[in-house]
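Biologist: I am new to this structure and would be grateful for a close look at a single part of it. Please describe the salt bridges and the parts of the chain that they link.

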Amino acid sequence: MSGGSGFGWLYAAEVIFSVGSKINEYNDDYRTAYYSHLQVNSQTALNNRLGYNALLAVNEEEQREFEKLALDKFELQKSIQRALATQLARDGSALKSGGSALSVANNIERQGLNALHRKDFNFHTKLNNLKMQRKNIALQTASANNQLLGSLKGFPSQTGLGLSIGGTALQSGIRYKEGQKTT
């Protein structure tokens, strides 16, 4: 039986090395998952900051568009008034010319109003483009974050580690018992 106890030590050593290996593998998997989660959280935070900065830039662009439209409309209205005043000075009173001066004045005003309408149309088109840019920024940020978060793996299971260790010990015990029967 002394030979049997020598084998017992070998089986016990096998179990100890196997358990140690499983614990080491569990710790490595846990450390890898932990640092992976840290990296993904850091990258998603960076993505969110980039998206926020892009939205700020779009908001600033929108404010510049508002200011530009107000200035353009003011300048255009001054230009219409100047053209009308010049025409009236050249032709005299609109009533005096028998309607032709009034027609010219109406023409100038109509062209000016058409220009104002084009400015408004272009402005609203630009606003719609900025709104679309905002949506795209939000979607790009969410997409990048979803890809990162989807790549994450879970942490290893302590229950799985315990079951694996128990299974290894049980298998080694069974093999030990079978080895004792054959000797």
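Modeller: A salt bridge is counted here when a side-chain nitrogen of Lys or Arg lies within 4 Å of a carboxyl oxygen of Asp or Glu. In this predicted model, K119 and D72 form such a bridge, their closest N and O atoms being 3.3 Å apart. The pair links distant parts of the chain, since K119 belongs to helix α2 and D72 to helix α1, 47 residues apart. K119 is partly exposed, with a relative accessible area of 32%, and D72 is likewise partly exposed, at 22% relative accessibility.

Side chains of opposite charge can pair when their charged atoms come close. The structure holds 6 salt bridges. Another one of them joins the side chains of E61 and K126, at 2.7 Å from N to O. E61 lies in helix α1 and K126 in helix α2 (residues 100–150), so this pair ties together parts that are 65 residues apart in sequence. E61 is partly exposed, with a relative accessible area of 21%, and K126 is partly exposed at 25% relative accessibility.

The side chains of E62 and R134 also meet in a salt bridge, at 3.1 Å from N to O. Here too distant parts of the chain are linked, with E62 in helix α1 and R134 in helix α2, 72 residues apart. E62 counts as buried because its relative accessible area is 18%, and buried means under 20%. R134 is partly exposed, with a relative accessible area of 21%.

As for the setting of these pairs, the protein chain comes to 3 helices and 0 strands. Of its 183 residues, 18% count as buried.

Technical notes:
Residues are numbered from 1 along each chain as its sequence is written. This is a predicted model: local features need pLDDT of at least 70, side-chain atom pairs count only at pLDDT 80 or more; totals for chains, interfaces and linings use all residues. Side-chain values use heavy atoms; hydrogens and water are left out. Helices (H or I, at least four residues) and strands (E, at least two) are DSSP runs, numbered from the N terminus. Buried means under 20% relative accessible area, exposed over 50%, partly exposed in between (1.4 Å probe, protein chains only).
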